[in-house]
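Reader: Hello! Could you walk me through this structure, one piece at a time?

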Amino acid sequence: MSDTRLQFALDRGAFHLGVDLALPGSGITVLYGPSGSGKTTVLRCVAGLERAAGLVRIAGHDWQDDGRRLFLPAWRRPVGYVVQEASLFPHLDVRGNLRYAQRRASPREQPIAFDTVLGLLGIGHLLDRRPDNLSGGERQRVAIARALATQPEVLLLDEPLAAVDPARRREVLPWLEALRDELRIPMLYVTHSADEMARLADTLVLMDHGRVVASGPLADTLVRLDAPLARDEDAGALLHGQVAGRDTRWHLARVDIASGVLWLRDDGTPVGAPVRVRVLARDVSVLLAPPAPGSTSVQNVLACTVRAIAGAPHPSLVLVQLACGPDTLLARITARAADILALRPGLPVWAQIKSAGLVR
Ligand SMILES: Nc1ncnc2c1ncn2[C@@H]1O[C@H](COP(=O)(O)OP(=O)(O)OP(=O)(O)O)[C@@H](O)[C@H]1O
């Protein structure tokens, strides 16, 4: 059962926002959608900076409930809010910025330990620096630490990496993963980046024109044929697995997933590490029989069952949803091929994965 519920509506001239979401009490929920779809407005409603009509319940605490005429003002809501451009105090060093935020928290309730935050964000060596002497990525890590130092019950991140230069962005992602995996605090994360979404999200909320068009666990939501992502050029599935070994001769990593084994380009991820594997729909082809050993250059083949078939943006193509044990894949193939193979729901097939990558 979820103890985080966002159920509100807001009218702003031509823009109407209406959301009704039950979210998990921890992990990262990514809000994803086109510009102007209302993602930032959702965060502002949670923070109490916008007055929507409805209910805001975070980690079991009601911050707004119009039915009971309850509306906590923004300053009474324990939120950490991080935006694109960190607004750190320029005259204070990192330690001073963090201490200032710590004083805002109740001295009795400090579930998020200061040292833990320094460690998780890797900023212990930056404490004596002024914000001017930090890189964009370091500034954002300090901004997140400062938000956590206030002991929030939810962390709101509005495109926190959008202003960090792209080369540095990837360096910040492992720190965010560490926060996600170590802290029991829900995070709402707005991004336009498919990479950040694939890497960080536990839960995905797809927004369009002020509405939630799909939401749920990331892997399930990505493969929904009725959701807009399935129509993207980069449509595909995300599989959870674990690095189980490596073939040093051929520089390949063996990744065990629920439905079998994949051999992927070895990026040095240690054996035993949990990983996410992205498989694009355009890289999956469908076979009626398993290929004879040694007959194909493609190494990764999984036994599946066709679950559903839907049209793709171009009439020459279809999207095939494939159930591989508990995993789901998407294959984008030509409509003619689907016809020749007589694909239909329930048909056992083999998915040949031409390319797949560890999400890094
Ligand atoms: N202060 C404001 N006054 C009036 N309209 C606003 C205001 N702020 C945003 N809007 C409008 O509200 C709608 C939702 O905006 P919002 O910023 O929430 O979208 P978004 O999905 O976060 O977009 P982006 O990805 O571009 O940041 C848009 O139509 C926007 O033009």
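Author: Gladly! A residue is buried if 20 or more other C-beta atoms, placed from the backbone, lie within 10 Å of its own, exposed if 12 or fewer, and partly exposed in between. The model is predicted, so local features need pLDDT of at least 70 and side-chain atom pairs 80 or more, while totals for chains, interfaces and linings use all residues. Residues are numbered from 1 along each chain as its sequence is written.

Reader: Which residues of helix α3 are buried?
Author: Helices are DSSP runs of H or I with at least four residues, and strands are runs of E with at least two, numbered from the N terminus. Helix α3 covers residues 114-121. Its buried residues are Val117, Leu118, Leu120 and Leu121.

Reader: What do the buried residues of α3 pack against?
Author: Contact here asks for C-beta atoms, placed from the backbone, within 7 Å. By that test, the partners of these buried residues are α4 (136-149) and α5 (166-182).

Reader: Which residue in β20 is the bridge partner of threonine 305?
Author: Strand β17 (residues 300-311) runs antiparallel to β20 (residues 348-353), and six bridges join them. In β20, the partner of threonine 305 is proline 348.

Methods. Two strands pair if DSSP finds at least two bridges between them. Two residues are in contact if their C-beta atoms, placed from the backbone, lie within 7 Å.
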